[in-house]
Structures are given as structure tokens and as C-alpha cells.
Amino acid sequence: MIPEPGALLALVVFGGAVAVDGTSLGQFMLSRPVVAATLAGAIAGSPEHGALLGLFLEAFHLTVLPVGAARYPEGGPAAVAAAGAYAGTSHSFSALLVVLIFALLWERLAGASVQGLRQLNVRLSPPPGRESVRSGRLERRHFLAIGADFARGAVLVGAGTLLAGWVLQQGFFLLPQGTVARLALGAVLAGSMGAAFRLFGRSRVALLAAGAAVGVLALVLRG
Amino acid sequence: LTALTRGVRRALLLRSFAVQGSWNYQTLIGTGFAFVLLPVLRRVYRGDEDALYAAVARHAELFNSHPYLATVAAGAVARLEDEGAPPETVRRFKTALRGSLGSIGDRLVWQAWRPACALLAITLILLGAPWWAAVAAFLLVYNALHLWLRVWGLHVGLRDGLAVGRALRDAPFQRLGERASDAGAFLAGMAGVLAVGDASRGPAEYALGAAALAAGLWLGLRIRWAVWAVLVVVWAVDTIVVATS
């Protein structure tokens with residue numbers, strides 16, 4: 001749902017911070033979906049909703065590697081927008097499914113906006129081969145590029161939260177129980193964990209099995 | 001090290017957090033690298049504006065590195081500039097270094113450390129830990145290595161200058177990456193089972209979850225398309241069921 005104006009404003013500012021954390025400034029990984037969605041959920045009133053959404057988005061993002069000039073979906077602002085809208089709902093797996101699809105679409109748009117920003121940065125940066133570059137000018141343009149990234153994230157989160165909130169408010173497609181959605185979400189989460197294992201090399205299959213055994217033990221102990 | 005006062009070193013470290021601030025397709029982090037070096041260049045070329053602007057132009061050219069290990073190059077180049085090394089030597093050194101700094105960081109941080117830390121957070125949430133504990137665990141563990149890499153990189157760069165390659169070879173990056181991958185593989189197994197267990201209420205549902213886990217193992221990095229397909233199909237079925245009921 002669409003958050004209160006104060007919470008929406010806080011989400012927009014947080015979205016800008018998340019966007020710059022992704023690449024431009026810091027890279028403390030506030031921009032990881034599990035962090036961004038949880039904190040956005042806390043801002044919008046339900047960190048538990050945010051954490052649940054962040055859990056899924058993080059699982060889907062484990063296999064996205066920002067190597068070199070690779071183009072990839074940008075998860076941070078999308079996670080903030082989706083969590084900001086999802087936090088106001090009563091929990092249902094159908095709503096989670098809808099907001100997850102929204103986030104996966106929005107992070108594609110966010111990724112495209114990163115490409116646009118990088119093109120803008122080409123204009124802001126001194127062209128190669130110049131023999132003289134004023135230090136103050138370079139510094140100002142560098143800060144301007146970071147500011148543009150912040151603004152990009154803020155706009156993405158503002159628009160995204162409103163759009164996701166509107167979609168959730170329609171509600172006509174949400175099954176009350178959402179059993180199929182629950183099963184599908186469990187399946188994609190389990191599948192994503194399997195895929196994540198491939199990052200670490202097939203030779204570690206014994207460790208995967210050991211982890212699975214501990215997981216079974218945890219399930220048994222939890223009843 | 002005349003120009004490299006404590007204040008300048010601190011400025012180098014702080015500015016390194018913004019090394020990717022103007023990332024672009026032409027010079028990659030070149031502009032950001034010049035931005036990081038500015039406090040050093042301003043001291044080295046104090047009183048000679050033309051030489052300063054020429055040095056800024058040289059350092060704003062194409063450069064790339066893993067962002068956390070850019071401090072290795074920044075420290076070493078700061079030392080070379082302070083010692084008055086010829087520009088061509090500095091340029092060749094940067095060219096030689098950038099491939100290593102990129103590949104070491106990508107393999108250690110992006111491919112091993114970050115996924116392992118994220119899996120830690122996922123596992124904690126699936127185990128029922130409070131949300132703040134999962135987030136705090138992720139941020140603390142991840143950034144312990146992140147911050148150490150930045151500080152260590154600047155230290156060895158300033159200390160070793162042109163000979164920084166030896167420090168990179170001797171650093172325990174390989175071993176650290178292996179241990180992180182071990183932890184990641186273990187946590188992937190644990191989180192996979194917990195994900196199946198959380199979503200399942202009966203034998204058929206457990207079987208579905210187990211099949212999904214196996215499919216993920218098989219698909220690997222291609223899983224994202226399968227995730228998309230499942231989510232969209234289920235949403236469409238959900239919508240049709242509601243519309244017709």
C-alpha cells in the first residue's frame with residue numbers, strides 16, 4: 001500500500017542513499033536487497049515484511065555478479081520501493097508474489113537507468129588524451145555525478161513505491177489464502193539456494209550436503 | 001615521504017570510498033582515481049598549477065580496479081608521485097596493476113565473500129532470527145573484510161610503491177576466498193533445506209521443494225529465467241482463478 005507522506009519522503013531519501021551505495025559511494029552493501037528491503041520495511045512500519053521480501057530478492061540476486069562493465073539489474077532501489085509498498089499490507093503470499101514480480105521488473109528499469117547515468121558520466125568526465133584538467137572542475141563534476149546517482153535512486157524509489165502501492169491496492173488478483181503462491185515462492189527460494197551453490201564450485205558438494213543435514217536437524221528441532 | 005602527511009593519507013582513504021562516483025564507459029574509474037589522488041597531487045605540485053593540471057589529466061585516463069583494492073594503486077601511485085617518478089613509469093605501473101586488482105577483488109569479494117555473507121543473512125532469517133540480527137550480521141561480517149581491504153591496500157601501496165606486487169602475491173586472498181566458498185556452500189545447503197521446510201506442509205510439497213532445489217543445482221546461474229517463469233505463471237493462474245470464481 002502507499003505509505004504515509006512522511007514515510008514516503010523518508011523512503012525516497014533512503015532510496016537515494018541506497019542507489020549511491022550500490023556503486024558510487026561507500027559500497028557498504030546497504031544496497032543489498034536483504035538490507036535495503038528490511039530497512040525500508042522498518043521505515044514504512046513493518047521490518048518483518050521487509051525482511052521477508054528482502055530474503056527472496058537477495059536469493060534471486062546471489063548469482064548476479066558485477067564484474068567489469070557487466071550490465072545487470074539493480075536490486076537496491078527496487079527492493080526499497082517494493083518493501084515500502086508491501087509493508088502496509090496484511091501478510092499474504094499472493095501479495096508477496098505480486099510485489100516480488102514488481103520488484104524484479106523495477107530492478108530491470110533501475111539497471112537501465114544505471115546505463116543512462118554512466119553515459120552522463122562520460123560527458124561529465126574529462127575526455128581521454130587531454131593534457132590538462134583543472135582539479136577543481138574534476139572534483140565538482142565527480143560530486144555532481146554522485147548527486148545525479150542519488151537523484152536517480154530517489155526518483156526510482158518515489159515512483160516505484162507509488163506504483164507498487166497502487167498495484168497492491170487494486171487487490172483484485174489476490175487469492176485470500178495464496179496456497180499456490182506459497183508453494184511457488186518456496187520452490188523458487190529453494191531453487192535459488194541450489195543455484196547459489198554453483199558459485200562456490202561443484203567440488204564442495206560434501207559441504208552442501210553437510211549444510212543440508214544441519215538444516216534438516218534445525219527443522220526437526222523446531223518441530 | 002614528504003607530501004604524504006597523516007592528513008593526506010586519511011584523505012586518500014576517505015576519498016577511496018568514492019572512487020567509483022563517476023564510473024563511465026570511457027575511462028571506467030579513471031576520473032574517480034584522479035579524484036582520490038587530488039590531495040596528494042595538490043601537495044606535490046603546490047605552486048605549479050600547470051604541472052598539477054597535467055598530473056590530474058594523466059590520472060584521469062582509463063583505469064579500472066576492484067573498488068576496495070583501488071587503495072593499493074592509490075597508495076603506490078601517491079608514493080611514486082611523491083618521489084618524483086617519471087609520468088611514463090607511473091602510467092606503465094598503473095596499466096600493469098589494474099588487471100590484478102580487478103581479478104583478485106572480483107574473485108574474493110563478489111564471487112565468494114559477498115554471497116557467503118548474504119547466505120548467512122538468509123539462513124538467519126529462515127531460522128527465525130530477528131530481522132535486525134540478520135541485517136547486522138550481514139553488514140558487520142561483510143564490512144569487516146571490506147574495510148580491512150581498503151586500509152590494508154593503502155598501507156601496502158604507500159609502503160611498497162612499485163614493489164606492491166609482492167604484497168599482493170603474499171596476501172592470503174586465495175585462502176580467504178576458499179574458506180568463504182566453503183562457508184557459502186555449507187550455508188547454501190542449510191538455507192535450501194530450510195526454504196523447503198518453511199514452505200511445505202506435506203510429503204508432496206516437500207517433494208516439490210526438493211525438486212526445485214535440485215533444479216537450482218542443475219541450472220546454476222541460469223536460474224533467474226526459471227524464477228521469472230514460475231512467478232509469472234503462478235501470478236497469471238492466481239489472477240485467472242480469482243477472475244473466474
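Biologist: How many cavities of 30 Å³ or more does the rule count here?

Modeller: Five. A cavity is a set of points on a 1 Å grid over the protein atoms alone where a 1.4 Å probe fits but cannot get out. This is a predicted model, where local features need pLDDT of at least 70 and side-chain atom pairs count only at pLDDT 80 or more, while totals for chains, interfaces and linings use all residues. Residues are numbered from 1 along each chain as its sequence is written, and side-chain values use heavy atoms, without hydrogens and water.

Biologist: What makes a residue part of the lining of the largest cavity?

Modeller: A lining residue has an atom within 4 Å of a point. For the largest cavity 13 residues line the space, and among the closest to its centre are A:Leu117 and A:Asp149.

Biologist: Why is the pair A:Arg182 and B:Glu205 called a salt bridge?

Modeller: The term asks for a side-chain nitrogen of Lys or Arg within 4 Å of a carboxyl oxygen of Asp or Glu. In this pair the closest N and O atoms are 3.4 Å apart, so the pair is a salt bridge. The count between chain A and chain B is seven.

Biologist: How do you know which residues belong to the contact of chain A and chain B?

Modeller: Contact means heavy atoms within 4.5 Å; by that rule chain A gives 99 residues and chain B 95 residues.

Biologist: What is meant by the buried area of chain A and chain B?

Modeller: Buried area is the accessible area (1.4 Å probe) that two parts lose on being put together, summed over both. Here that comes to about 8600 Å², with 71% of it on carbon and sulfur atoms.

How values were computed:
Chains lettered and ligands numbered in written order. 1 Å grid on protein atoms, 1.4 Å probe; cavity = no way out; pocket = protein on both sides within 12 Å on 5 of 7 lines; lining within 4 Å. Points joined across faces, edges and corners; volume = space filled by probe spheres on them.
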